[in-house]
Protein chains: 4
Amino acid sequence: MQRITILIHCEDQKSIIATVTNYIASIEGNITYLDQHVDADENVFFMRLECEFNAKDWDLTSIKSHFETHLANPFNMNWEIYSQDQKPRMALFISKYDHCLYDILGRYSAGELNLEIPLIISNHEDLRSVAERFEIPFEYVPFTKEIKAQGEQQQLDLLAKYDIDFVVLARYMQIITPRIIAAYKNKIINIHHSFLPAFPGAKPYHSAFKRGVKIIGATSHYVTEELDEGPIIEQDITRVSHSHSIEDFIMKGRDLERMVLARAIKLHAERKTIVYNNKTVVFA
Amino acid sequence: MQRITILIHCEDQKSIIATVTNYIASIEGNITYLDQHVDADENVFFMRLECEFNAKDWDLTSIKSHFETHLANPFNMNWEIYSQDQKPRMALFISKYDHCLYDILGRYSAGELNLEIPLIISNHEDLRSVAERFEIPFEYVPFTKEIKAQGEQQQLDLLAKYDIDFVVLARYMQIITPRIIAAYKNKIINIHHSFLPAFPGAKPYHSAFKRGVKIIGATSHYVTEELDEGPIIEQDITRVSHSHSIEDFIMKGRDLERMVLARAIKLHAERKTIVYNNKTVVFA
Amino acid sequence: MQRITILIHCEDQKSIIATVTNYIASIEGNITYLDQHVDADENVFFMRLECEFNAKDWDLTSIKSHFETHLANPFNMNWEIYSQDQKPRMALFISKYDHCLYDILGRYSAGELNLEIPLIISNHEDLRSVAERFEIPFEYVPFTKEIKAQGEQQQLDLLAKYDIDFVVLARYMQIITPRIIAAYKNKIINIHHSFLPAFPGAKPYHSAFKRGVKIIGATSHYVTEELDEGPIIEQDITRVSHSHSIEDFIMKGRDLERMVLARAIKLHAERKTIVYNNKTVVFA
Amino acid sequence: MQRITILIHCEDQKSIIATVTNYIASIEGNITYLDQHVDADENVFFMRLECEFNAKDWDLTSIKSHFETHLANPFNMNWEIYSQDQKPRMALFISKYDHCLYDILGRYSAGELNLEIPLIISNHEDLRSVAERFEIPFEYVPFTKEIKAQGEQQQLDLLAKYDIDFVVLARYMQIITPRIIAAYKNKIINIHHSFLPAFPGAKPYHSAFKRGVKIIGATSHYVTEELDEGPIIEQDITRVSHSHSIEDFIMKGRDLERMVLARAIKLHAERKTIVYNNKTVVFA
């Protein structure tokens, strides 16, 4: 059996679901998951569908070709069809914080993530030993304002060389350049240590402490050119009180960062997200 | 426009979704919501679908008749089609606890519940004044072991007289008889003050306190003959600590009971639940 | 037995706890609760203590006098001693939203709130019938920019006439004037329908929807002259997804508003909050 | 400065707090944390206190001796005084599941845990490479019914050899013998993959799935001779729905197990727990 995932979004029109499900029926496919969403304000239709069909009788390339001609084009769809056998290739960008790195590599080693990690890029040498401990290639790419163009090019070359599908910024402390953002549109995931839009920018735990909030949070989002303004994939929070110091906030926040980033990575890797209008549809 | 909700469950078979959505297309209907679920272990298919169509061109009675003949029977479906204009009629059974009662009547008065409350039945006179405050008919039906048959008959007569669709036990402290359970199968909702299956039966807060748990919960479920064993609709929990007394547990639990019961009522009234195999599918 | 609650904050100094607990010992009091907090950055000490003593042997007035002379003055304390028999008197300010009102009055009627509600003030007549249903005096005080001074005076007169200790804005849709804020410093509680500091000001659910957040929240805080900037008492959140419309956000938000405001009211009424530096210490 | 943590529990009596805080004052100590609890039903007093004093003027050994003679004995206290410089030594017991192991070792390597991990014991060789990756001594101790006495002795010898203070069962799949439980009373921490007391014993996720619960949980507790009946340290839950398979339950549960066990380890290592009456007082 061949198992595939189909993601669609397009203008809402009558008969889309019927047309798509008829097509699956025509290749004797079995729908194992279907979820759809209509954004009534914007009149946009979204669908995620998983199905399995007999790989002996039907070929994925010709299915894609047929789908494009007879379904995607008539409905003017944005669409993707993924084979579930094909694991996405993820690059990690890191700096000096190691807690998200340990968490991701631990999950990866424990077999929880359905993806490959062929590359870690860092602007510091500090965490090379962690990468080595988990036997992941580690590339040191210095990055400062002065050598931005050079760093950017090195990053792009490495992403190309390792055939990277998407990038995760695991507390990477440099900006990502517009050129890279454009090259990996909706494919760069960041973790920000506040419940956005509260406390964007630097030192959110300090700001949260000063404001006296009773909950702190973390937010994972796709990176866009506007800092901390990209489409949100996942958020979570934890309670704090007057009895917690800034150090406590930071320590509790590390747990949030780990969890929220891990969930966002899984959602993206399992092709459960669609970006539209600077928001995400997450078929979880 | 006529808006309807369709609930289906049946053996999983190919082409069900295509067939149903083709039918909606054939009546020029617009699907505004579709969610489906396949229980792979049991090979059962579940679907909830909302659509709207032109009431001038298509008549609900003939749609139901057509649906039964050409869709439900061939696929051997369990199915329901509800007009969204038709509000379900809910009866409340109460005893002496008033917190869930106040919460439900407050929400009802504030226009949050898309249902009618034509009847409150109690085995005590204590809360008559609350019912009167909200102008809901209150019927006193004494109920003890000795007069069980008489109480049961009175309850059944009142439910029939007021044309009740479903029953909510808002901390009603008597058992519901098998005859009533059979007459309102999967239509009687109870709130139990623990996260079932922990602490079934009487005095769950006392048991939770004694056991030293760090979370307490509440569970709303459909009533079956096995006490506290029916299909769970909704659960929630709150944290407790050593610093909380049993009285604190009870007070915190009241908030849980209110919230969990209110959510279960909404889910049921909006036809978002399907019961199968002593479990619920909740299309929330 | 006389039961009292003592709240203290002052510069952190050695021996404060020993001195206070020695004093309680000297009146043969039994400490039933003691919690303290030191703000290490600001070097401020906070304490909340509950104790009981024999009312025949010791008189509250002389205890207060002794406390002031021999403890509060030497340590330069901000302090309060409350008899637990004395219920605080709360005024509700409302406009047209009724969900928080129903929730508070339901809890009040169910005996969950250890306070008196002798007064409801509204700038609209719409909810008079709800107040009457619960037999609470309702005063209509029109309030617009044009008649601000007059409205303010009427409000102050009513608060004085009914001997009000603290005010709760249960989705009251007008600003509170600086004069009233000054007169009831740290005694006016508001509910804002977002997790502050995200989405201050008007229409936070609309802003949250537009931003595509995955959690929405509510915040209860003491009112200061800076809109939505006062000391936060309590916050909570709930998860949302792409499948929720603005109307869903608003409906889910109502539950948050109810719960968060109810908790803040209880904390304040039970003298569990101390305000310092635009933050709260909450001894919960 | 010498920083110490004092844990006390004893029969509730007047003047305990005053006596202890007077003593701290007498050694010119500064109390940086004090929390206490009275179990009113059992009439037991609990206190946790952190303070710092001048190590040049006061010596920890003589403080302990003085404390015992003049405070602990008169009040008949159970008590401990810990230097905060002295990190507890933790042994991990594991079998084949690696997710908690990776999480704990990642946190340990990231500097989040204030303890030493000098020893990992496993009844399987499978995870030796993980231990080696993090450079922790790994000891293979086979353990089956047939060789129980031998395995137990080997475990005890290793715990003694490595001077272990407390033991964490990170999904260790064998029972701990009564002799070891007695030797490490309230010092062996287990993680159970359900919200106890629901679903004790084997395969709790399968039982939870079958019951159709809407929340699943994990529980960390001290090990006693009664399986899954020991004092609960920490619990947490996550929501599930009909759409989740048993495999989803297990995957979501792994996150719970990681988090709950990590929190319990921190609480124990920071001497924030006191066990009494098969319950815990957790001064968090």
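What share of the 284 residues in chain A is buried? In this predicted model, buried residues (under 20% relative accessible area, with a 1.4 Å probe and protein chains only) make up 59% of chain A. Residues are numbered from 1 along each chain as its sequence is written, and chains are lettered from A in the order in which they are written. Local features need pLDDT of at least 70, side-chain atom pairs count only at pLDDT 80 or more, and totals for chains, interfaces and linings use all residues, while side-chain values use heavy atoms, with hydrogens and water left out.

Chain A contains eight helices and 13 strands, taken as DSSP runs (H or I of at least four residues for helices, E of at least two for strands) and numbered from the N terminus. The C-alpha trace of chain A spans about 60 × 40 × 35 Å along its principal axes. Of the contacts (heavy atoms within 4.5 Å) in chain A between residues at least 6 apart in sequence, 66% join residues at least 24 apart.

One position carries an annotation: an unreviewed UniProt entry lists A:Asp228 under "active site", and such annotations, given in the numbering used here and with shortened feature names, may be inferred rather than shown by experiment. A:Asp228 lies in the loop between strand 10 (215-222) and strand 11 (232-239) of chain A, and A:Asp228 counts as buried because its relative accessibility is 7%. When neighbours within four places in sequence are left aside, A:Asp228 is in contact with A:Asn190, A:His192, A:Leu196, A:Pro200, A:Gly201 and A:His221, and also with C:Arg211.

Terms used:
Buried < 20%, exposed > 50% of the residue type's maximum accessible area, 1.4 Å probe, protein only.
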